[in-house]
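Please take a look at the structure below. The text that follows leads through its confidence, its fold and its contact.

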Amino acid sequence: MEKILTYIVFTPLLFAFVMGVFRVNIKILRFGAILSSIIVFVLTVTLIAYFDPYQNQIQFERSLPWIASYGIYYHIGVDVLSLVIISMTSLLIPILYIYMWQNSYSGYWYNMMLLQTGVMGAVVSLDLILFYMFWETMLLPVFIMIGRYGHDKNRFNAMKILLMTVFGSMAMLFSILYLGYEYFVVHSYWSFELNNLALLHFDPKTTLWLSAGFMFAFAIKIPLVGFHTWMAPAYSSAPTPALVILSAIMAKLGAYGIWRFGYGLFSETMSYYRPYIIIFAIIGMLYYAIRAMSERDLRRMFAFSSGSHLSVIVLGIIIANIYSWSGSLYFIATHALSSAGIFIMIGLIYRRVGSVDITTLGGIAKVAPKFAFIFAFFALSIVGLPSTGGFVAELLIIIGAFKSNMSLGFVTIFSMITAILYIFYTLQQTIYGPLTPKTQEFGDLTIGEILMLLPLVLLLLVSGIFPSAFIPALEPQLQHMLQIIGGIL
Amino acid sequence: MRSDIYTLLPMATTVIGAFVMLLLSSSKSITLIRYHLITVAILLLSLALSLPLFGSGKSIYPLDNIFHQAFIVDDFSILFDIMFLGGAVLTLLVNTLYLKKRDYYNGEFYALFLFTIFGMMILAHSNDLIVAFIGLEVASLSIYALVGYHKNNPLSSEAMLKYMVLGAFVGSMFLLGSVMIYILVGSTNIADITSFIQNEGESNQLALTVAGTLLLITILFKVGAVPFHTWVLDVYEGSPFPITMFMASVFKISIFAIALRIYVAYFATGVLHGDVILSIVTIVTLIGGSLLAISQTKLKRVLAGSSIVHGGYMLIALSCIGLGSQLAVPAVMFYLLSYFISSVGAFGILSYLSADSKRALRYEDFKGFADKRPYLSAMMAIFMLSLSGFPSTIGFLGKFYIFTVAIESKQFILAALGIAVAFISIYYYFKLIAFMYFYSSPNTKKEKFKLSLSTSLIALMAILAILGGIGTSLIPMIPSADSLLGIASVASSSLGY
């Protein structure tokens with residue numbers, strides 16, 4: 001049982017490696033990829049079944065020496081934070097494989113498998129060097145997928161996302177090395193383990209720039225406003241599967257990083273950062289929403305929309321009370337579902353008409369009612385339509401914000417209001433209105449496509465209608481973490 | 001017969017082999033491939049003789065009635081011998097195809113090659129500045145000839161002339177430094193110099209620092225550190241591929257062998273400000289090398305520029321010796337190994353590809369390479385990742401050790417700059433990956449992967465680059481990054497460090 005996490009992380013890599021060495025043809029490759037993702041999915045379900053949310057500790061831990069002289073361990077484990085992201089990843093990957101079933105570029109499939117390993121590995125790592133390794137490695141498939149299979153200046157944009165993200169990671173690397181060194185000074189042996197490093201104490205000045213290294217990396221990954229220049233270009237030129245992973249999973253990893261490493265290592269310093277990150281998050285929430293209104297490219301529009309919601313997630317994390325935290329964690333899951341859904345739908349539009357510019361679209365509801373219905377559903381779930389999970393999550397964050405500060409709460413409400421503005425405008429332009437030459441022949445969803453999207457739709461509904469099935473399971477561990485960092489309530 | 005004579009056997013094999021090759025080369029009936037195999041056999045024999053010597057933990061002065069204590073056999077020098085010999089074998093074997101397709105290679109080439117190895121072994125074993133100088137010159141003179149080996153290529157001749165004139169000039173600095181030290185100390189033996197510095201170093205601080213700096217200048221020139229780097233790009237470009245590969249990897253290792261020995265014995269005591277001098281050079285080297293590498297279009301020149309940067313990384317750790325980190329010397333040695341693996345691989349692929357063509361390879365030539373030759377391009381990508389220090393490759397661990405050593409020695413600026421430069425290097429290494437993978441090939445004809453000696457060795461290097469990065473104590477039977485560092489620590493302990 002303790003090895004289950006290792007299998008979850010490395011199964012896709014193993015499949016990719018074996019199939020890559022033998023250069024299997026595309027049919028076997030496809031089959032193997034699906035098989036690996038199903039194995040991971042089944043393992044994840046087992047993991048969830050055996051996970052005890054009321055036990056306040058990291059579970060399924062495994063710690064093996066990797067580089068003993070520097071105290072680097074292969075140390076992995078899950079708690080509720082990582083479990084949410086793991087389950088979203090293992091759910092989305094099979095769906096994406098179905099989406100890209102027709103795709104005959106073998107490189108595409110290999111990169112997706114590597115990406116899955118990278119993301120899973122980063123989420124379960126509890127050793128900082130191990131985390132850094134996965135954190136960097138997961139960038140590589142994205143880089144190649146954007147550069148190779150993307151569109152619109154994709155090569156330039158691939159280089160941009162690579163350089164910007166690596167720049168952040170390098171700052172983080174310096175902080176990691178310094179932390180390890182400080183541990184060495186105190187204990188006269190090296191360690192890069194999260195639990196060990198969390199016990200270190202620094203003077204305020206050192207801890208400020210140390211944590212800045214981490215924050216910088218996470219701010220670029222999320223991206224917070226000001227660190228976001230890679231986002232819209234990369235989103236608009238990424239191929240759909242990479243795009244889904246980027247927005248649904250990888251962006252969340254930045255937020256996860258703040259949670260796990262920001263609070264895990266520098267809980268005292270976070271209170272210093274708190275006002276600044278709140279300001280960044282609020283500006284980001286509003287700025288991205290305004291940018292989204294002014295975009296005509298659907299991918300760019302939902303890129304900004306995704307940025308806006310991630311700012312809300314970060315806001316929830318940084319407010320740090322039990323409402324906002326469970327809201328943020330819930331939002332990580334539901335936003336992954338709805339943004340995956342909407343970006344897959346946009347990919348389907350692109351497949352049908354070869355364009356995602358809203359001026360060339362219109363009247364889809366007339367020719368493709370099923371398509372229009374599900375598209376509208378995903379779009380509205382992004383707004384936070386009641387009875388979808390996003391609503392519950394945003395509501396919790398807003399309650400948390402009110403709990404912390406009245407005016408903060410009022411500002412946070414704007415995330416829902418602004419989202420309504422651009423989402424309704426989009427719906428009006430794309431699925432209503434007159435038909436355009438491009439949408440005359442717009443084909444409706446096939447059975448296969450509906451089945452592919454159905455899990456996302458159902459989960460969004462279930463999470464919206466029965467949040468009490470999930471949130472109580474999230475709370476005990478979050479509550480415990482809050483007690484450790486000495487948060488409010 | 002004295003037992004310590006066995007410790008001299010690897011060197012003796014190499015130098016006798018060199019003379020044998022010289023004699024054989026007068027014969028017209030021996031084909032190139034025979035020369036090739038004989039040389040490899042000599043090197044392997046020498047390697048087999050030196051392997052059992054490692055790990056004894058003793059320092060032996062063989063034939064001390066003749067050489068006094070000018071010549072030392074310890075774990076440190078034996079480990080370097082092993083690296084030279086293994087590196088030389090790999091260099092030759094990887095370039096088999098390249099050498100076979102050129103008609104100007106003959107027996108003398110191999111004789112010169114063996115003399116180079118011999119010179120480098122003297123360098124690693126020297127316990128005396130004059131012996132070190134002899135070793136340096138034996139190696140350098142043979143390298144000059146090898147650089148200019150393609151007589152009809154003007155670039156090659158230019159490279160040789162440039163390298164030789166500058167190299168000879170800078171070599172005299174080493175002599176000058178040795179003379180100054182002799183005036184002060186009355187001996188050129190490294191152990192004597194160390195004890196002199198420890199006892200009377202404070203009173204002769206200025207003179208000793210100047211003399212040591214002169215020694216350093218020669219070393220820095222050979223490493224290609226900025227501001228002594230002007231030869232690097234042209235010489236690397238003009239040399240035949242096997243020699244470029246050899247200079248970038250094996251020859252550089254030998255320079256660091258003597259650099260480590262001199263630095264530990266001379267500057268590490270702390271009174272001579274070696275760290276200040278070296279830190280300045282390191283900063284300039286890291287920045288200058290990056291600027292050079294980033295602006296090149298020919299791949300050979302990119303790798304040449306990047307080899308300056310990699311020299312800079314090693315200088316970071318070198319300048320940290322004596323500042324409180326126990327792992328500075330092993331870090332340099334590990335980095336040498338990691339750079340060796342990745343650069344032999346990268347140069348090997350370039351050499352393999354240019355075996356048939358005369359044109360210099362540029363970034364553009366790799367457009368669609370992943371479609372044409374998927375295995376080779378995957379390997380090339382691994383080497384680029386390793387050179388850029390991307391995690392999960394050996395290059396990352398090399399950099400990791402260097403940076404931790406720098407932080408441990410409180411050289412925060414160097415560590416931060418090193419990380420910044422590693423970031424810059426991402427650009428020019430990933431550019432190649434981008435060219436290989438971002439473009440689909442115009443002609444979709446796939447070239448079959450030919451499993452030859454060269455390609456299988458390159459594949460071995462790629463596997464090593466990955467295993468060295470993630471190969472852990474978790475996987476039994478495979479030497480992990482940990483044990484490599486352990487070997488390096490054993491070797492460095494014989495330096496008395």
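For the complex, the predictor gives an ipTM of 0.91 and a pTM of 0.93. This is a predicted model: local features need pLDDT of at least 70, side-chain atom pairs count only at pLDDT 80 or more, and totals for chains, interfaces and linings use all residues. Residues are numbered from 1 along each chain as its sequence is written, while chains are lettered from A and ligands numbered from 1 in the order in which they are written.

Turn to chain A. The C-alpha trace of chain A spans about 70 × 60 × 40 Å along its principal axes. Of the 489 residues of chain A, 60% count as buried (20 or more other C-beta atoms within 10 Å of the residue's own, C-beta atoms being placed from the backbone).

Now the contact between the chains. Chain B gives 24 residues and chain A gives 29 residues (two residues are in contact if their C-beta atoms, placed from the backbone, lie within 7 Å). On chain B, helices H18 (394-408), H19 (412-438) and H21 (481-493) each supply at least two residues of the side that touches chain A. H19(B) brings the largest share of that side, 11 residues.

Note on methods
Helix = DSSP H or I, 4+ residues; strand = E, 2+ residues; numbered from the N terminus. Buried ≥ 20, exposed ≤ 12 C-beta atoms within 10 Å, placed from the backbone.
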